[in-house]
Amino acid sequence: MARITASVYTSHVPAIGAAIDLGKTDEPYWQPLFKGFEFSKQWMQAHRPDVIFLVYNDHATAFSLDMIPTFAIGTADRYKPADEGWGPRPVPDVIGHPELASHIAQSVIQDDFDLTIVNKMDVDHGLTVPLSLMCGQPPQSDFAWPCPVIPFAVNVVQYPVPSGRRCFELGKAIRKAVESYDEPLNVQIWGTGGMSHQLQGPRAGLINREFDNMFLDRLIADPAGLATLPHIDYVRDAGSEGIELVMWLIARGAMSDVPRGASADVAGGAPPTLRHRFYHVPASNTAVGHLILENN
Amino acid sequence: MPLDKPYLDVPGTTIFDAEQSRKGYALNQFCMSLMKAENRARFKADERAYLDEWPMTEDQKQAVVARDLNRCIALGGNIYFLAKIGATDGKSFQQMAGSMTGMTETEYRDMMVGGGRSVEGNRKIGEDGDAQAHRQPQGRQVPKEGA
């Protein structure tokens with residue numbers, strides 16, 4: 001059967017992508033941030049998965065206000081990097097895994113999560129910046145990401161966004177879906193976005209180190225408790241765009257120390273191993289957080 | 001029965017909820033149209049004529065022409081959509097976010113490098129943080145050249 005071996009959490013700031021694409025990673029402003037991902041790139045090479053299930057949000061790119069799906073799973077063969085107004089990022093197309101994605105859609109919908117199924121969309125910085133941070137820029141000689149990716153887009157743009165609890169429960173259902181897939185695939189699940197930031201109004205620029213570190217601590221050790229945090233606490237303490245952090249709870253809910261699925265048909269196992277933790281302020285308007293957790 | 005909107009008392013912050021989204025539908029879809037190069041060119045050539053193709057309110061059109069992002073947001077705009085106007089103008093997200101505070105670009109960048117805006121005094125309307133209405137606009141307010 002397929003198995004989730006690890007989860008990765010990282011912010012997905014567009015300026016990070018621009019810094020990589022424009023060769024600015026050694027500049028004093030950016031150097032401390034990229035240093036925090038050096039270990040992660042090595043870890044990725046040593047723990048190359050067969051598939052990445054990548055939870056992110058679309059930033060008014062593939063989804064306008066014509067349609068606003070709360071949870072959307074990509075079941076396509078391939079996804080193009082989007083032109084977000086500055087031209088598309090010079091990164092490879094994202095290769096999908098339609099078989100596993102359709103299997104997960106079938107299983108998760110049967111578990112009462114009403115996903116939108118997407119067969120055609122471009123992917124924006126929310127998806128490609130985490131890939132760049134974890135995998136580095138693919139060389140021209142082998143211009144491809146290291147493995148297929150299943151994009152999973154969450155609406156965190158228009159309120160109300162899904163609650164932390166709902167996201168955590170969804171993670172449990174995704175794990176159950178993966179573990180009922182026959183092929184023995186090594187799957188990683190990534191939760192992206194955050195940490196504290198606000199991009200609008202006179203309160204723009206808000207950063208809250210205390211909240212962010214509380215979130216990292218509890219995501220590791222008390223995810224079920226953290227999942228009960230109401231939206232308003234994110235808005236007040238982590239900024240209006242800090243709400244993206246609910247997406248990290250989807251990845252965390254899929255880890256094997258959490259009881260599996262809505263019916264908890266498999267009890268929670270040993271806690272995951274914290275392989276890496278990093279926090280840095282700022283990247284443009286945003287606090288950057290990053291964790292790697294391995295299942296035991 | 002009114003809906004629960006506990007976020008209305010966060011200072012300097014407009015939550016893009018279903019009500020704002022409804023008000024801002026045409027404004028935000030106009031922004032989306034700027035993702036196409038040919039539309040950006042048409043908009044730049046004659047902003048007013050381009051805006052008049054959209055069923056936006058006069059207030060919304062004027063806010064766009066003035067690049068008053070706070071006003072755009074009050075009228076239903078969302079920052080991820082409004083960012084397309086910034087991209088058309090060659091502005092970064094940081095320049096756009098900073099423009100809503102009253103700070104100069106340098107002042108805002110320095111604030112971020114210094115660790116960002118503190119949440120203290122900025123959680124609820126009525127406190128005394130720098131995002132509160134009685135402390136706007138922010139920054140040193142150096143008079144513009146020629147002003």
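**Helix packing and the chain contact**

Modeller: Happy to! Let us start with helix H1 (residues 14-21) and helix H5 (residues 125-135) of chain A, whose axes come within 9 Å and cross at roughly 50°. Bear in mind that this is a predicted model.

Biologist: How many residues of the contact of H1(A) with H5(A) are nonpolar?
Modeller: H1(A) brings Pro14(A), Ile16(A), Gly17(A) and Ile20(A), which meet His125(A), Thr128(A), Val129(A), Ser132(A) and Leu133(A) in H5(A). In this contact no residues are charged and four are polar, Gly counting among the polar ones. The nonpolar residues number five.

Biologist: What is the angle between helix H4 (residues 98-110) and helix H6 (residues 164-179) of chain A, and how do they lie?
Modeller: The axes of H4(A) and H6(A) are 9 Å apart, and H4(A) passes H6(A) in a right-handed crossing. The two helices are therefore oblique to each other. The angle is about 125°.

Biologist: Which residues in H4(A) meet H6(A)?
Modeller: On the H6(A) side, the contact holds Ala173(A), Ile174(A), Lys176(A), Ala177(A) and Val178(A). Taking both helices, the contact divides into six nonpolar, two polar and one charged residue. From H4(A) come His103(A), Ile104(A), Ser107(A) and Val108(A).

Biologist: Which helix of chain B gives the most to the side that touches chain A?
Modeller: In the contact between the chains, 47 residues of chain B meet 32 residues of chain A. The elements of chain B that give two or more residues include helix H1 (18-23), helix H2 (25-33) and helix H7 (79-88). By class, this side of chain B has 26 nonpolar, 17 polar and four charged residues. With seven residues, the one that gives the most is H7(B).

Biologist: How many of the residues of helix H10 (residues 246-253) of chain A are buried?
Modeller: A residue is buried if 20 or more other C-beta atoms lie within 10 Å of its own. Among those that pass in H10(A) are Trp248(A), Arg252(A) and Gly253(A). The helix is mostly covered, and the count of buried residues is eight of eight.

Notes: Residues numbered from 1 in each chain as written. Chains lettered and ligands numbered in written order. Predicted model: local features only at pLDDT ≥ 70, side-chain atom pairs only at ≥ 80, totals over all residues. Axes fitted to C-alpha atoms, helices over the stretch in contact; angles between N-to-C directions. Helix = DSSP H or I, 4+ residues; strand = E, 2+ residues; numbered from the N terminus. Parallel < 35°, antiparallel > 145°, perpendicular 65-115°, else oblique. Left-handed = near helix turned anticlockwise from the far one by under 90°. Contact = placed C-beta atoms within 7 Å. Buried ≥ 20, exposed ≤ 12 C-beta atoms within 10 Å, placed from the backbone.
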